[in-house]
Amino acid sequence: MSDIAIRARHVSKVFGQSRVLDSVEFELLRGEVMCLAGENGCGKSTLIKIINGVYKPEPGVQFTLGDESLTSISPLEARNRGIHVIWQDLALFPHLTVAENIVFDDYVAKPWKPIAYREALRQSFEIIQQFGFNLDPAARVEELTVAHRQLVAICRVLRAGANIIFMDEPTASLTYKEVQSLLAITRTLADQGISIVLVSHRLAEVLEVCQRVTVLRNGQLVGTYPTEGMTQARLSTLMTGLELEHTPRVNARKGAPVLELDGLSRDGEFEDISFTLNRGEILGLTGLLGAGRTEIAHTLFGMTRPTSGVMRKDGRPLKLRSNRDAVRHKIAYLSEDRFHLGLVQNQSINMNSAVTVLPFLEKPRGFLSPGRIKALTARWVEQLKIKVSDAELAVSSLSGGNQQRVALAKWLATEPDVLILDCPTIGVDVGAKAGIFDIIRGLADQGMAIILISDEAGEIWMNTDRALVLREGRIATEVTPADTTEEALEAVINA
Amino acid sequence: MNKSPNAPAKASIRLGADTLEVLVMTAFLVISIAFFSLLAPGFLSTTNFGSMSMQLPELGLLSLAMLVPIISGGLNLSVTFTANLAGLTTAWFVQGALADMGGIGVPLAIVTGLAVGAASGCLIGVIVAYVGAHPILVSLGAMIFFQGMGEFLTRGGGISGMPETFQTLGSGHWLGVPIPMWIFLAAAAGLMYIMHFTRIGFSTHMLGSNPRATEYSGIDVKRVLIIVYTLSGLLAGLAGMVMLARFNSVRVGHGESYLLITVLACFLAGANPFGGFGRVLPLMLGLMSLQVIASGMNLMGASQHLATAVWGGFLIIVMALRMPFIKSRE
């Protein structure tokens, strides 16, 4: 037996006219945790689907599984050889119990087979015990947290005899603690000889847990590197092909105070929040998920009422009854949930960029001019360099990074003094992230006051003038990135 | 990489998707007219076109009343009974309180009737906006409430015998076109303007696709919902006026069978059952096709019920033909 779990050589795939994968080589060792990295559209998913037997690669490919050589893998063969993929949506049945989900595969091809509940519970319990998970086999999946659902998905593939597991963005919606425990689990599995491939956008955790990282760019293999000695900056460069700056922001100028908070509290959400935001400043608001970051933003944007404390804008007391009040007072808020709250996905790019400024596009009163809407969109498309083929298309047709630019455009159109950005780079590629932060820094340089909410230490460190670290709804400490290292900041956030 | 050759192709598909709806509906209208011109004796006569344009406006106005809530992601199941209530109010005022006021009695009674229609819609809008219950449930409750109230007040009977001036509204012509048709065309043009060139129309489309994201964008979603249902009630009230004028009488339950047909007509015209999309022009063309089928079959001596069955089949065919285009859009 060799140490190689799977090796694939000369993997190519052509869709229509575009070459999605071009003679890529992939090698995974037994008991290894590997990261598959690359920007959206680089061919990661296609590669996984080829190894998993879903897509048929172009001729010329060579697979080595253990000691065996193959020229193709069918989905059934992939399963029989223990190759499994856990996609980001997990593909569980929320209304069924944990045990039923785990043994589900037994029943797939046998619709008439009666379900043996006791047996299912027993077998699930065995698997759960074997790997030391904390999971109740009788619980319904819909009642579980995302982290626990992930365990169910893992149990399912383990029971099916998985020895190679691909995990697609497994950490995307987990809290810091949950991520840590998931990473610990991948290590446990690896110790038992199972090979794991993680696909993740979060470079920090990738470097922490993986032994090697395979980087793809535009359908081509950039290389496979040991993570020993690899930095986030270097990995970004490998993924994007661009040298990205990795230094803290330096801001010489600081303008007059715009927004002042004094002892702002909202029962059950945050307590005693005080700070002053100045013109031209980027203030970081960070902390773990649930520390109260988004809740504070909602209150500043008039979506919720504070229970006590005072807000002042330009020195005058600020009372907001709705987010329309906030917009009138030149406060804008870019939601963290671009898909559900940030943009109306089905409607056009034109409509999404104009929705915040309808009264200004009405001329004469009562006539909303389609021409003005188009002109407005065209102006922002140009200014923010949004890649748009037709602004009448649904905004959902754009990539994540371009969608985020449309979301930015719709708020910039209101000409805000204070711009609150709630996790503006979620679901955005590394390269596109840098582009978005360039825009944000440019806005601050023009005098806009910006609050940047993020739980990624790197983003906060590189882009803010100072950062407030929240813990359980209170400000725990204030950090000046220029005076500290990224690692130190990360430690403070996760303390 | 290969984006440049793809981009214009995409744009032309989009251009198609928007005009496609109109083209498809026009094609169906032309085909159905051609079909019945050949097979139905007297289909091409002025009498037939006269009677078709006499019958279309009621269903047309009710369908417009249904379209607005559908675009907002809801439904107004009370349109027919709202029309009845508005008609009853007008009839009651014309014969009772305003009977002796001469010239201004009739217009005043019409305004009152329309106000009752708008108020009925407004009530639904307020409940939908502030209680947050699903519009189907709210308007279903309202429908049964209006029906019961109307029957209680009229004791199940009707009011008939409108003055001469009122009847001309239903049977008169202007430039050779029946007055109800003019009313329908004016309402449709007005609605088109509102949906495409005003903040309310813009917001209705946005909120129909995603109410929460629309609210996060600073749109007063509650206010828009109230206006949407008030507008729907007003259009239903207008349908009530036309019905009252044409039949010279009004009774609760009048035109009840139109209710589901208005829903059918909206979906036939490409309105999205999940909200956000729906246009007036294809709706009008679709309604015309339905009317052509009904009148044509009537002239051929087929039963009214068979015509209803054909309407249903028509909807299924159009849906089936449209599906590939909807999928390619997604």
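Let me start with the radius of gyration of chain B, a quantity taken over C-alpha atoms and compared with a globule rule of 2.2 Å times the number of residues to the power 0.38. With 330 residues, a compact globule would have a value near 20 Å, and chain B has 21 Å, which agrees. Please keep in mind that this is a predicted model, in which local features need pLDDT of at least 70, side-chain atom pairs count only at pLDDT 80 or more, and totals for chains, interfaces and linings use all residues. Residues are numbered from 1 along each chain as its sequence is written, while chains are lettered from A and ligands numbered from 1 in the order in which they are written.

The C-alpha atoms of chain B occupy a box of roughly 80 × 55 × 35 Å along the principal axes. Its secondary structure consists of 13 helices and four strands; helices (H or I, at least four residues) and strands (E, at least two) are DSSP runs, numbered from the N terminus. In chain B, 46% of the 330 residues count as buried. A residue is called buried if 20 or more other C-beta atoms lie within 10 Å of its own, exposed if 12 or fewer, and partly exposed in between, with C-beta atoms placed from the backbone.

Where is Met162(B) placed? Met162(B) sits in the loop between strand S1 (158-160) and helix H6 (164-171) of chain B. Met162(B) is buried, with 23 other C-beta atoms within 10 Å. Leaving aside residues up to four places away in sequence, Met162(B) touches Ala91(B), Val94(B), Gln167(B), Leu244(B), Ala245(B) and Asn248(B). Two residues are in contact, by the rule used here, if their C-beta atoms, placed from the backbone, lie within 7 Å. Leu244(B) is 82 residues away from Met162(B) along the chain, yet their C-alpha atoms are separated by 8.4 Å.

We turn to the interface. Here 23 residues of chain B are in contact with 27 residues of chain A. On the chain B side, the elements giving two or more residues are helix H1 (3-39), helix H8 (199-209) and helix H9 (211-216). The largest share, five residues, comes from H8(B). By type, this side divides into nine nonpolar, nine polar and five charged residues; Ala, Val, Leu, Ile, Met, Phe, Trp, Tyr, Cys and Pro count as nonpolar, Asp, Glu, Lys and Arg as charged, and the others, Gly among them, as polar.

Next comes chain A, with 18 helices and 20 strands. Its radius of gyration is 25 Å, close to the 23 Å that the globule rule gives for 495 residues, so chain A is as compact as a globular protein of that length. Buried residues make up 45% of its 495 residues.

Consider strand S8 (residues 195-199) of chain A. Five of its five residues are buried, so S8(A) is largely enclosed by the rest of the structure. In a regular strand the side chains alternate between the two faces of the sheet. Which residues lie on each side of S8(A)? Ser195(A), Val197(A) and Val199(A) are on one side, Ile196(A) and Leu198(A) are on the other, and all are buried. Strands pair, in the sense used here, if DSSP finds at least two bridges between them. Strand S3 (residues 33-37) of chain A pairs with S8(A) in the parallel sense over four bridges, and Leu36(A) stands opposite Val199(A). Strand S7 (residues 164-168) of chain A also runs parallel to S8(A), joined by five bridges, and there Asp168(A) has Val199(A) as its bridge partner.

A second sheet in chain A is open and antiparallel, with four strands in the order S12-S11-S14-S15. Strand S12 (270-278) and strand S15 (316-317) stand at the edges, each with a single partner strand, so one side of each is left without a neighbour in the sheet.

Finally, two helices of chain A. In helix H9 (residues 293-300), seven of the eight residues are buried, so H9(A) is largely enclosed by the rest of the structure. In helix H18 (residues 486-494), Glu486(A), Leu489(A) and Ile493(A) are buried. Seen down the axis of H18(A), these buried residues fall within an arc of 60°, so they line one face of the helix; the arc is that of the directions from the helix axis to the C-beta atoms. The face turned away from this buried side carries the exposed residues Glu487(A) and Ala491(A).
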